[in-house]
Amino acid sequence: MGKNKETALVVLSGGQDSTTCLLWALDKYSSVKTVSFDYGQRHKKELLCAKKICDKFGVSNKVINLSELNSLAPNSLTRDDIPVDTDAPSEGTPNSFVEGRNMLFLTYAAIYAKSEGISDIITGVSQSDFSGYPDCRDIFIKSLNTTLNLAMDYEFDIITPLMWIDKEETWALADSLGGLNVIKNMTLTCYNGIMGDGCGNCPACKLRKNGYVKYLERKNK
C-alpha cells in the first residue's frame with residue numbers, strides 16, 4: 001500500500017490542544033482528515049464540537065466507538081458518580097486519567113490511517129502540560145510509534161506539535177495560525193463539559209485560563 005505524505009490524520013477531541021493541532025496540520029499539509037473517539041465520556045458535546053470544527057474547515061471527521069473503555073477504567077471523565085478533582089493529587093495520577101486512552105486512540109487511529117494510505121498521525125499530547133497523565137509523555141509516544149510500525153509493518157510517524165510547549169505557547173501558536181477565536185469559542189476543554197472558557201475550577205480550565213492570561217499579557221506589551 002502506498003503512503004501519502006501530503007495527507008495527515010489528526011486525532012481530534014474538540015478541545016484546545018487537538019484543535020490547535022488541526023490548525024497546524026491545515027497549514028502544513030495539502031489534505032487533512034480527522035478521527036474522534038466515543039469512549040463513553042460524560043460530555044458527548046466534545047464530539048459535537050469536533051464535528052462543528054471540521055465542518056468549518058471542510059475536513060472529514062470519522063468517529064470510532066470505544067465505549068467499553070467506560071466500564072473497564074472508571075474515572076471522573078466517564079463516570080457521573082466520580083467528581084472531577086479540582087487540584088492535582090500529591091502522588092499518583094488524577095482521577096480524570098483514563099487508563100490506556102491515548103494508547104487505544106493512537107492504535108485505532110493508526111489502523112484507520114493505514115487503510116487510507118496515511119502515515120502521518122498528529123496528536124495534541126504535551127509533556128509540558130501533561131497534568132500527571134503518563135500517556136502524554138514523549139517516551140510513551142516514541143515507544144508506541146515503534147510498536148505500531150512493527151505491528152503493522154508500516155512506517156507511521158506520530159507527530160506531536162505541542163509536546164514541548166506549555167499552554168501560553170499553545171495559545172500563541174493558535175493565534176499565529178489565525179485560529180485564536182476558534183480555540184476560544186468553539187472548543188471544549190472543561191472536564192465539567194462547559195464550552196469556551198469552561199467552569200474555571202477544574203484542572204483543564206485552570207491550565208487553559210492561565211495560559212491565555214499569560215499569552216495576552218505578553219502579546220499586549
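Helices (H or I, at least four residues) and strands (E, at least two) are taken as DSSP runs and numbered from the N terminus. The model is a predicted one, in which local features need pLDDT of at least 70 and side-chain atom pairs count only at pLDDT 80 or more, while totals for chains, interfaces and linings use all residues. Residues are numbered from 1 along each chain as its sequence is written, and side-chain values use heavy atoms, with hydrogens and water left out.

The chain contains eight helices and five strands, which follow one another from the N terminus in the order β-α-β-α-β-α-α-β-α-β-α-α-α. A residue is termed buried under 20% relative accessible area, exposed over 50%, and partly exposed in between (1.4 Å probe, protein chains only). Of the 221 residues in the chain, 51% are buried. Accessible areas come from the Shrake-Rupley method with a 1.4 Å probe, and for residues only the protein chains shown count as cover. The accessible surface of the chain is about 10,500 Å², and carbon and sulfur atoms account for 50% of this surface. With contact defined as heavy atoms within 4.5 Å, 72% of the contacts between residues at least 6 apart in sequence join residues at least 24 apart.

Helix α6 (residues 167-176) is largely enclosed by the rest of the structure, because seven of its ten residues are buried. The buried positions of α6 are K167, E168, T170, W171, A172, L173 and A174. These residues pack against α1 (16-28), α7 (180-186) and α8 (203-219). The N-terminal end of α6 is capped by D166, of which a side-chain oxygen lies 3.2 Å from the backbone nitrogen of E168. Just after the helix, G178 adopts a positive phi of about 80°.

Within α6, K167 is buried at a relative accessible area of 7%. Polar contacts are pairs of N or O atoms within 3.5 Å; within protein, one atom must be able to donate a hydrogen and the other to accept it, and residues adjacent in sequence count only if both atoms are side-chain atoms. The side chains of K167 and D17 form such a contact, at 3.1 Å. D17 belongs to helix α1 and is itself buried, with a relative accessible area of 19%. Residues up to four places away in sequence aside, D17 touches G124, L162, K167 and T170.

S176, also a residue of α6, counts as exposed at 57% relative accessibility. The side chain of S176 reaches the backbone oxygen of L173 at 2.7 Å. S176 and L23 are 153 residues apart along the chain, and their C-alpha atoms are separated by 9.9 Å.

A nonpolar core is a set of buried Ala, Val, Leu, Ile, Met, Phe, Trp, Tyr and Cys residues joined through side-chain atoms within 4.5 Å. The largest such core has 32 residues, of which V35, F37, I121 and F156 touch the most other members. Two or more residues are given to this core by each of β1 (4-11), β2 (31-38), α4 (101-115), β4 (118-122), α5 (138-152) and α8. The largest share, six residues, is that of α4. Beyond residues up to four places away in sequence, I121 touches L9, V11, L106, A109, A110, A113, F156, D157, I158 and I159. Another core lies apart from the largest one and has 17 residues, including A25, Y29, A50 and I159.

Rings of Phe, Tyr and Trp (its six-membered ring) are paired if their centres lie within 6.5 Å; planes under 30 degrees apart count as stacked, over 60 as edge-to-face and the rest as tilted. By this rule there are four aromatic pairs. Y154 and F156 form a tilted pair, with 4.8 Å from centre to centre and 55° between the planes, and both residues are buried. One aromatic cluster is formed by F37, Y39 and F105. A charge is said to sit over a ring if NZ of Lys or CZ of Arg is within 6 Å of the ring centre and within 35 degrees of the ring normal. The charged end of K56 is placed in this way over the ring of F57, 5.9 Å from its centre. The charged end of K62 likewise sits over the ring of Y112, at 5.5 Å from the ring centre.
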